[in-house]
Amino acid sequence: MATESNILLSPLQHFSNRIVMAPMTRSRAIDNIPNDLMAEYYSQRATAGLIITEGTSPSPNGLGYPRIPGIFSEEQIEGWRRTTDAVHAKGGKIFIQFMHVGRVGSYENLPEGATLVAPSAISAFGDMFTDTKGMVKTDTPEAITPDSIKDTIAEFVQSAKNAIAAGFDGVELHSANGYLLEQFLNPNANTRTDEYGGSIENRARFVIEVTKAVADAIGKDKTGIRFSPYNDFNTMPPYDEVYETYEYLAKEMNKTGILYIHLLDGAARKQQKGLELISAMRAYFNGILILNSGYTKERATAAIESNEADMVSFGNLYISNPDLVNRFENDQYLTQAEESTFYTPGEKGYTDYPVYKE
């Protein structure tokens with residue numbers, strides 16, 4: 001029987017341990033190009049069983065935030081290769097997260113010629129920081145056309161191929177936190193009347209098509225997806241069919257044979273129906289289940305020992321504890337992250353957190 005300290009440290013398939021570095025926007029990619037500072041940041045954390053990068057846009061249209069990276073140009077591929085080489089040199093595994101922001105963006109943050117697109121022309125009515133004008137309101141997107149849907153899927157596929165060329169071990173699709181893929185799932189953001197709107201099956205169609213297309217392009221064993229049922233982040237109001245939507249998605253993701261589902265479970269755990277959904281998704285999906293939402297070492301250990309999850313991802317703790325695996329293993333003090341530097345340019349609050357010293 002594994003002890004409390006080593007169940008998180010036990011290997012799973014080709015991962016050295018079950019501790020995952022969660023994807024976190026850090027806004028250090030100047031001109032949307034990954035750089036040496038980012039390579040240093042990720043390589044410092046390479047002892048994680050799996051690193052999942054910050055949200056990275058597969059399209060110029062998806063760059064709604066300032067200084068987030070893309071992976072649709074040769075310069076971006078070369079920039080990311082520095083990161084993957086640095087992580088692999090330390091024996092780590094790294095997946096890139098694809099985050100197309102959809103309606104959660106400002107034209108102040110988009111390159112020339114790019115367009116904010118979403119399932120429907122409905123604003124997120126949120127606040128957005130820009131380097132040019134400070135805080136602004138998100139802009140109203142254009143409703144994506146059927147032809148543009150095909151083009152967007154093709155962008156995901158090409159970016160997945162680019163990711164493998166850049167040396168990534170796989171891709172995570174960000175269908176959570178109110179971004180493009182989740183916007184299709186939520187009837188408050190998706191009022192379409194074609195085959196991508198209306199019923200649960202229609203609203204889930206885009207997510208399923210993107211997942212299948214990426215898995216076909218790079219391999220199902222290199223593909224994961226992130227969900228956040230019941231989460232209202234980025235003005236995604238709740239709706240009556242949340243349980244049925246994600247139960248259906250769990251079954252469909254299982255059919256694709258992808259490697260994992262990464263589940264932000266915090267909002268779901270606040271209600272009985274949500275707790276039932278977590279169990280249902282675990283039952284219907286036979287791949288790896290990664291849980292995330294403010295987990296401690298103790299909670300993560302319990303979740304894995306009880307077979308509630310296979311792996312657990314950590315966000316804030318990984319910002320300020322690059323050697324988190326070692327600190328968990330040796331019950332060492334955990335440094336708290338400084339929120340004021342989460343999204344600022346430069347090394348402060350990014351690569352300057354030290355490893356543990358007695």
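Leaving out residues up to four places away in sequence, Ile96 touches Thr53, Thr56, Ile71, Trp80, Ala163, Phe168, Gly170, Val171 and Glu172, where contact means heavy atoms within 4.5 Å. This is a predicted model, in which local features need pLDDT of at least 70, side-chain atom pairs count only at pLDDT 80 or more, and totals for chains, interfaces and linings use all residues. Residues are numbered from 1 along each chain as its sequence is written, and side-chain values use heavy atoms, with hydrogens and water left out.

**Ile96**
- Ile96 sits in strand E3, residues 94-98 (strands are DSSP runs of E, at least two residues, and helices are runs of H or I, at least four, numbered from the N terminus).
- With a relative accessible area of 0%, Ile96 is buried (under 20%; exposed is over 50% and partly exposed in between, using a 1.4 Å probe and protein chains only).
- Ile164 is 68 residues from Ile96 along the chain, and their C-alpha atoms are 9.5 Å apart.

**Thr84**
- Helix H3, residues 74-89, holds Thr84.
- Thr84 counts as buried because its relative accessibility is 0%.
- Beyond residues up to four places away in sequence, Thr84 touches Ile94, Ala166, Gly167 and Phe168.

**Nonpolar cores**
- The largest nonpolar core has 82 residues, of which Phe206, Phe227 and Phe314 touch the most other members (a core is a set of buried Ala, Val, Leu, Ile, Met, Phe, Trp, Tyr and Cys residues joined through side-chain atoms within 4.5 Å).
- Helix H7, residues 205-218, gives this core its largest share, 8 residues.
- Another core, of 13 residues, lies apart from it, and includes Ile68, Ala114, Val136 and Tyr179.
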